[in-house]
Amino acid sequence: MRLSELFFTSLRDDPAEAEMPSHRLLLRAGYVRQLGSGIYSLLPLGFRVSQRVEQVIREEQDRIGGQEMEMPVVHPAEVWKDSGRYYKIGPELVRFKDRGERDMVLAMTHEEVVALLLRDIVQSYRQLPMMVYHFQTKFRDEPRSRGGLIRVREFVMKDAYSCDLDDAGLDVSYRMQYEAYERTFKRLGLDAIAVGADVGIMGGSGAHEFMVLNEYGEDTLVLCDHCGYAENQQIAQVRKPDPPAEAALPMEDVATPDATTIDALATFLGVPSSKTAKAAFFVTGDGRFVAAIVRGDHDVNETKLVNVLKATGGLRPAQLDEIKARGMEAGYGSPIGAKDAVIVVDELVMRSPNLVAGANRVGWHVKNVNVPRDYTPDLVAEITNAREGDPCITCGSPVKLRNGIEVGNIFKLGTDFTIAFGSMYLGEDGARHPIVMGSYGIGVGRNVACIVEAHHDEKGIVWPDEVAPYAAHLVAIGAGRDPKVAELADRLHDLAKDAGREILYDDRDESPGVKLTDAELLGMPWILTVSARSLAAGGVEVTRRQSGERRTVGVEAAEALLRTGSLPTA
RNA sequence: CGGGGCGUGGCGCAGCCUGGUAGCGCGCGUGCUUUGGGAGCACGAAGUCGUCGGUUCAAAUCCGACCGCCCCGACCA
């Protein structure tokens, strides 16, 4: 591909809005352009990378028996109403009406469609197990997109669905996908780790997320270097040792002017935050008012809280007037004297004597609160976030917290969807059973961005061979003056094309500085320079982008590199 | 949805406070020179100053509304 003809331009300056290296480099090097918030075009170079990433994913899905197909982007809303998700999912599910006033949705994922297809096609246990997948555009109206391609609203996702006879079969499929993901991310040049994860809107019995560590990551991971424990903070547990034993003392009101935060309260009273209780107020999607009580030195984990409450539609923070209406006072809140509220208490609070809690009066707290002596919890559960340095749940070593970007996920779905849609098979035993499903996603664009995050330097992108849009970048310097240079460069370009390994050929009439700078910015694994100087030195200058290693080789060696993708060993 | 910031040729920005008919660098076009690390000179093209409304003799500039984009937050009161 001649650079003079490529639909592309590189930018000399960093785009103002790009913060993450991947975003900045993909814009500057002419791989992508933004159309709207969280909506991007892939220019030819970006599309080629995306295609190569897809191909790696495809090969690994095919290897475990996945069958590629394609399902629609636009679904009749009926389908989503039948599964119940039409009502459970918030505004991120785009809803609209067609010309006939029929409710439609833009698909976020395809469990419903697969379940419907199974009902249609699978009759007998002889047709299972079975695994299908597709690459398809998703639109999710995220509340806030960010980070270039990392979190977008429209994106291509590989989603796969396993269909098994029973849980044991699902375990096998799940394992196969787990291993396919490990191979996939390794080939993509990503150092992904699998962490246990919440099942969220997918339901089901288990899930892993494949995470790439990154400071801009939106997920927090709880990791133990000692035993290898790794889970998303949303579900991670740590050991929470008993506090020192104390005899329960009588409650006592204490004036605490302006102490509306735990820090202020602990400072004012001269006690550690672990001797206080914190109240957080929420309203569930199904309309319940919730007061969550954790110790002052911990934070409420909303995911755990949602799961304990079995709250459909999630949680939102309560408004001040809603809190007051339940007999509580924001900043000085506790369940003492509360009414019409679901009181959820962290189990550590149950074990912690004589805490300072809110008095539900402005400027007042209560000392020596003991549960359940002083108020009655509706639910007791483990509802806090793991903290840096907490003891690992399995081995007791201090855990660390790291940010991660989710590059893929795998879910054990179970039978929720197939029961909802009546997707049954007739078993060997003559009885009808629901098909057991799993679902497995990889976001293609996000992986492209993560690859750049992991493979770049101060000069530009450094593509791994497996996903580079072109294997080599051929730079001709001074071709206008020296016919020999033009002749050799043209010939090498044609030779690569004839060998079925098209390369990028910078035939532009630009200064050497521009061309060499662009070559490093664009990031092809090999940079070949043809110039009067290289000819005088014996042929073609070859630079390995990854290592920066540079040497001049003979024309035959350069030809071999273009034909085979590697330099013949001297 | 809450808070903050920004919107001026393709890109990066100044001008706005203190209203007076739009500017810089890069890029782009033509010509000449130059040619291994973002070349030089000359000439040139290109902007409804996000949109709508208001104030004013006069608005990029002041006021209001709206739209768009970016960042933080949407978790503890």
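## Around helix α8

Let's start at the end of a helix: α8 is followed by lysine 310, whose phi is positive, near 50°. Helices here are DSSP runs of H or I with at least four residues, strands are runs of E with at least two, and both are numbered from the N terminus. This is a predicted model, in which local features need pLDDT of at least 70 and side-chain atom pairs count only at pLDDT 80 or more, while totals for chains, interfaces and linings use all residues. Residues are numbered from 1 along each chain as its sequence is written, chains are lettered from A and ligands numbered from 1 in the order in which they are written, and side-chain values use heavy atoms, with hydrogens and water left out.

Helix α8 spans residues 302–309, and its buried residues are Thr303, Lys304, Leu305, Val306 and Leu309. Buried means under 20% relative accessible area, exposed means over 50%, and partly exposed falls in between, with a 1.4 Å probe and protein chains only. The cover over these buried residues includes strands β14 (277–284), β15 (289–295), β16 (315–317), β17 (342–346) and β20 (379–381). At the start of α8, a side-chain oxygen of asparagine 301 comes within 3.0 Å of the backbone nitrogen of threonine 303.

## Strand β14 and its partners

β14 is mostly covered, with six of its eight residues buried. Strands count as paired if DSSP finds at least two bridges between them. β14 pairs with β15 in the antiparallel sense over seven bridges, and lysine 278 has valine 294 of β15 as its bridge partner. The two strands form a hairpin with four residues between them, and glycine 287 in the turn has a positive phi of about 95°.

β14 also pairs with β16, again antiparallel, over three bridges.

## A three-stranded sheet

Elsewhere, three strands form an open, antiparallel sheet in the order β4-β6-β5. Its edge strands, β4 (74–76) and β5 (95–97), each pair on one side only. From one strand to the next the twist averages 35°, an angle on a 0 to 180 degrees scale between N-to-C directions of lines fitted to C-alpha atoms. β5 and β6 (residues 103–106) share three bridges, and arginine 95 has valine 105 of β6 as its bridge partner.

## Nonpolar cores

The largest nonpolar core has 56 residues, and Tyr31, Leu45, Val53 and Trp463 have the most contacts inside it. A nonpolar core is a set of buried Ala, Val, Leu, Ile, Met, Phe, Trp, Tyr and Cys residues joined through side-chain atoms within 4.5 Å. Helix α12 (residues 444–454) gives the most to this core, with six residues. Apart from it lies another core of 25 residues, among them Val105, Cys163, Phe421 and Tyr425.

## The RNA surface

Which residues come nearest to RNA strand B? Of the 46 residues around it, they are Arg144, Thr260, Ala280, Pro317 and Ser531; a residue is near the strand if one of its heavy atoms lies within 4 Å of it. Sugar and phosphate account for 54% of the atoms of RNA strand B that come within 4 Å of the protein. Helix α14 (512–522) is among the elements that each supply at least two residues of this surface, as are β1 (32–36), β14 and α15 (532–536). α14 gives the most, with seven residues.

Several side chains reach the bases. A polar side-chain atom of arginine 28 is 2.4 Å from a base oxygen, and one of glutamate 520 is 2.3 Å from a base nitrogen. An N or O atom in the side chain of arginine 550 lies 3.0 Å from a base oxygen.

Glutamate 329, in the loop between α9 (320–325) and β17, counts as buried because its relative accessibility is 15%. Its side chain makes a polar contact with the side chain of lysine 324 at 3.0 Å. Such a contact is a pair of N or O atoms within 3.5 Å; within protein, one must be able to donate a hydrogen and the other to accept it, and residues adjacent in sequence count only if both atoms are side-chain atoms.

Asparagine 354 has a positive phi near 55° in the loop between α10 (347–350) and β18 (355–361). Asparagine 360, within β18, has a positive phi near 60°. Two cis peptide bonds are also worth a look: leucine 128 to proline 129, with omega about 0°, and valine 371 to proline 372, with omega about 10°.

Conventions
Contact means heavy atoms within 4.5 Å.
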